[in-house]
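Biologist: I would like to go through this model with you. Give me the terms and the values side by side.

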Amino acid sequence: MFLKTFQQHEWTAIRRSIYNKTAADVERALARSHRDLEDFKALISPAAAPYLETMAQISHQLTLKRFGRAIQMYIPLYLSNECQNICTYCGFSYDNKIRRKTLNAGELLREVAAIRDMGYGHVLLVSGEASQTVGTDYFIKALQVVRPHFANISMEVQPLEQADYEQLIQEGLYSVLVYQETYHQEDYKLHHPKGKKSNFNHRLDTPDRLGRAGIHKMGLGVLIGLEDWRTDSFYTALHLQYLERTYWKTKYSISFPRLRPHTGGVTPQAASPDGGQAAVPEGEWTGLNPKVTMTDRELIQLICAYRLLDEEVELSLSTRESPVFRDHAIKLGITSISAGSRTNPGGYVVDPGSLEQFEIHDERSPRAIAEMIKRQGYDPVWKDWDAVLQ
Ligand code: SF4
């Protein structure tokens with residue numbers, strides 16, 4: 001179980017060692033052909049900022065070598081906004097008085113048809129956490145409705161037990177995304193005060209349960225803005241390496257969601273000079289605003305650092321990011337990108353007016369994104385390439 005490894009790494013000491021990295025540490029990491037977690041710390045540290053161009057070039061080359069020019073396209077399909085958890089950063093939070101909606105089979109089919117019409121052969125099913133109405137039985141029925149229409153199905157729903165995952169894999173589930181949100185155990189409690197999600201260790205062990213269930217692929221990540229992103233990213237990389245060693249048949253992806261405005265929560269922060277969001281002084285943090293924010297340059301640095309650490313891991317970018325940023329990031333290590341996303345249940349045709357989980361930033365259509373990818377000399381792939389290669 002990862003918990004044991006996690007407990008051997010103390011947050012403050014890790015944070016200090018990242019911020020103490022020097023230019024010499026960064027140069028040593030850049031010169032190596034295989035990098036370890038100490039190198040990763042150097043590459044995500046403030047000392048690596050002047051080396052961004054070199055990092056980007058290496059990341060570009062490594063990604064070309066492993067993934068060619070393929071950029072996988074994906075789209076979320078929100079099944080439900082019912083949720084029994086309170087999360088301080090989410091529009092679906094239990095304490096947010098919104099109209100709740102869960103798709104029935106007929107509605108799900110209409111959403112499926114709309115997504116198929118856009119050209120997708122791969123879909124990501126998303127829901128809030130409401131075990132009574134949107135539990136394993138509901139997911140099985142949803143997979144039975146969706147499976148005939150897609151080559152490949154991913155899910156981003158509440159953590160489940162190993163037996164539940166085994167059942168869902170039988171029904172055609174291919175991949176699961178489960179983000180820890182933050183590895184800072186005390187602040188995790190502040191952001192998840194009520195509901196099953198408040199159990200930090202249960203969430204932390206979810207990738208182990210997925211690995212034991214034999215999932216084909218899983219996605220990790222943290223919600224950037226809750227805590228120091230460098231330290232949280234170190235823990236993500238630690239988790240990734242543990243999983244790769246323990247469940248070596250499974251493939252892995254990493255996402256980098258930055259906090260976005262949503263109903264009932266986060267207020268947008270002032271833009272920083274490079275187009276990212278400015279940092280909020282720690283003393284002014286209210287629990288609703290991002291505690292820290294990450295500039296666009298820092299997000300590029302993180303993407304490149306992951307690629308320099310791990311040539312195999314897929315790196316994914318969502319519509320949370322701006323069009324300018326996403327266009328720029330295509331060549332720097334990203335391997336999958338969402339487009340045309342709606343973050344509300346029924347958002348494509350059934351109920352476009354229902355409340356979205358968060359505001360998206362890149363509103364362009366899937367076709368427009370595919371054209372942008374082609375203009376950069378890359379090939380948009382409309383279904384998960386593992387299914388294409390099988
Ligand atoms: S982040 Fe997930 S668990 Fe938390 S309130 Fe939103 S939908 Fe519910």
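**Pocket, ligand shell, helices and loops**

Modeller: The largest pocket has a volume of about 240 Å³. This is a predicted model, in which local features need pLDDT of at least 70, side-chain atom pairs count only at pLDDT 80 or more, and totals for chains, interfaces and linings use all residues. Residues are numbered from 1 along each chain as its sequence is written, and side-chain values use heavy atoms, with hydrogens and water left out.

Biologist: What makes a set of grid points a pocket?

Modeller: The grid is 1 Å, over the protein atoms alone, and a pocket is an open set with protein on both sides within 12 Å along at least five of seven lines. Points are joined across faces, edges and corners, and the volume is the space filled by probe spheres set on them.

Biologist: Which residues lie nearest the centre of the largest pocket?

Modeller: L52, R297, I300, H328 and L332, out of 12 lining residues. A lining residue has an atom within 4 Å of a point. Helix 5 (52-67), helix 13 (296-309) and helix 14 (323-329) each give two or more residues to this lining. Helix 5 gives the most, with four. Helices here are DSSP runs (H or I, at least four residues), as are strands (E, at least two), numbered from the N terminus.

Biologist: How is that lining divided by class?

Modeller: Six nonpolar, two polar and four charged. Ala, Val, Leu, Ile, Met, Phe, Trp, Tyr, Cys and Pro count as nonpolar, Asp, Glu, Lys and Arg as charged, and the others, Gly among them, as polar.

Biologist: Which residues are around the ligand?

Modeller: C83, N85, C87, Y89, C90, F92, S93, G128, K197 and Q357. Each has a heavy atom within 4 Å of the ligand. By class, the shell has five nonpolar, four polar and one charged residues.

Biologist: Which residues of helix 8 are buried?

Modeller: In helix 8 (residues 162-170) they are D164, Y165, L168 and I169. Buried means under 20% relative accessible area, with a 1.4 Å probe and protein chains only.

Biologist: Why do you say they line one face of helix 8?

Modeller: Seen down the axis, they fall within an arc of 135 degrees, so they line one face. The arc is that of the directions from the helix axis to the C-beta atoms. They pack against helix 7 (136-146), strand 4 (152-156), strand 5 (173-177) and helix 11 (206-213).

Biologist: What puts the buried residues of helix 2 on the same side?

Modeller: In helix 2 (residues 11-19), W11, I14 and I18 are buried. They cover an arc of only 70 degrees around the axis, which puts them on the same side. What covers them includes helix 4 (37-44) and helix 12.

Biologist: Why is E181 called buried?

Modeller: Its relative accessible area is 9%, and the limit is under 20%, so E181 counts as buried. E181 is in the loop between strand 5 and helix 9 (185-191). Its phi is near 75 degrees, a positive value in a residue other than glycine. Most residues other than glycine have a negative phi.

Biologist: And why does V222 count as buried?

Modeller: V222 has 5% relative accessibility, so it counts as buried. V222 is in the loop between strand 6 (217-221) and helix 12 (229-246). Leaving aside neighbours within four places in sequence, V222 is in contact (heavy atoms within 4.5 Å) with residues including E181, T182 and Y183.

Terms used
1 Å grid on protein atoms, 1.4 Å probe; cavity = no way out; pocket = protein on both sides within 12 Å on 5 of 7 lines; lining within 4 Å. Buried < 20%, exposed > 50% of the residue type's maximum accessible area, 1.4 Å probe, protein only.
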